[in-house]
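Let's take a walk through this one, residue by residue. Have the viewer open and follow along.

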Amino acid sequence: MFFRALFCISALIAYACTSSDVRHGEKLSFDSLVMHRSGCYGRCPVYEVEVTSEGKVTYRGERFVRLSGEHHGSTRFDELARLSRAISEGDFFSLKQSDLEACTVLATDNATVYLLVVEGERSHRLSYYYGCETAAGKVVDRISKIVDEVAVTSRWVTDGAL
């Protein structure tokens, strides 16, 4: 009886210590995601946020943000799962880098968002210039908005800037 209880406790501890393993029946499609928002001709916020599969959030504010410098937070697994689904549904790892030649609409002086997604040994980086509408750009825009929601960047970035 003692050994059965010890085995059960050991199994629970091992399960609780996993990072991106299956929790609540869902495996995450990323180990870490870094999003960087660039400046524009105006007061666009410039910042970077990293979200890990363990729920750690690291924010680095540069310009036109409420808080500059590095700040930390966390997020829940259900929010990580929502972000993971957006990455999978958008088929992020198969998208080609957006370029100006693919624009259906082109405008100048807009911000750019960069996403770097790492899963195991693979990583993929895409950018989306908000003045250039592309199919890949729509996926990057959707994921970047979810990143802002999951990381709750509004606590660090100026109100209404996102």
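Where is alanine 135 found? Alanine 135 sits in helix H3, residues 135-151; helices (H or I, at least four residues) and strands (E, at least two) are DSSP runs, numbered from the N terminus. Its side of the story is an open one: at 64% relative accessibility, alanine 135 counts as exposed. The cut-offs here are under 20% relative accessible area for buried, over 50% for exposed, and partly exposed in between, with a 1.4 Å probe and protein chains only.

A quick word on what you're looking at. This is a predicted model, in which local features need pLDDT of at least 70 and side-chain atom pairs count only at pLDDT 80 or more, while totals for chains, interfaces and linings use all residues. Residues are numbered from 1 along each chain as its sequence is written, and side-chain values use heavy atoms, with hydrogens and water left out.

Now for the rings. The structure holds four aromatic pairs; rings of Phe, Tyr and Trp (its six-membered ring) pair if their centres lie within 6.5 Å, and planes under 30 degrees apart count as stacked, over 60 as edge-to-face and the rest as tilted. One of the pairs joins phenylalanine 92 and phenylalanine 93, edge-to-face at 6.0 Å centre to centre with 90° between the planes. Phenylalanine 92 is buried, at a relative accessible area of 1%.

Tyrosine 128 is buried at 7% relative accessible area, whereas tyrosine 130, at 27%, is partly exposed. Elsewhere on the ring list, Tyr47, Tyr59 and Trp156 form one aromatic cluster.

Phenylalanine 64 isn't a glycine, yet its phi is positive, about 55°. You'll find phenylalanine 64 in the loop between strand S3 (56-63) and strand S4 (69-74), partly exposed at 29%. Aspartate 91 is not a glycine either and has a positive phi of about 50°; this residue lies in the loop between helix H2 (77-89) and strand S5 (112-119), and counts as partly exposed at 46%.
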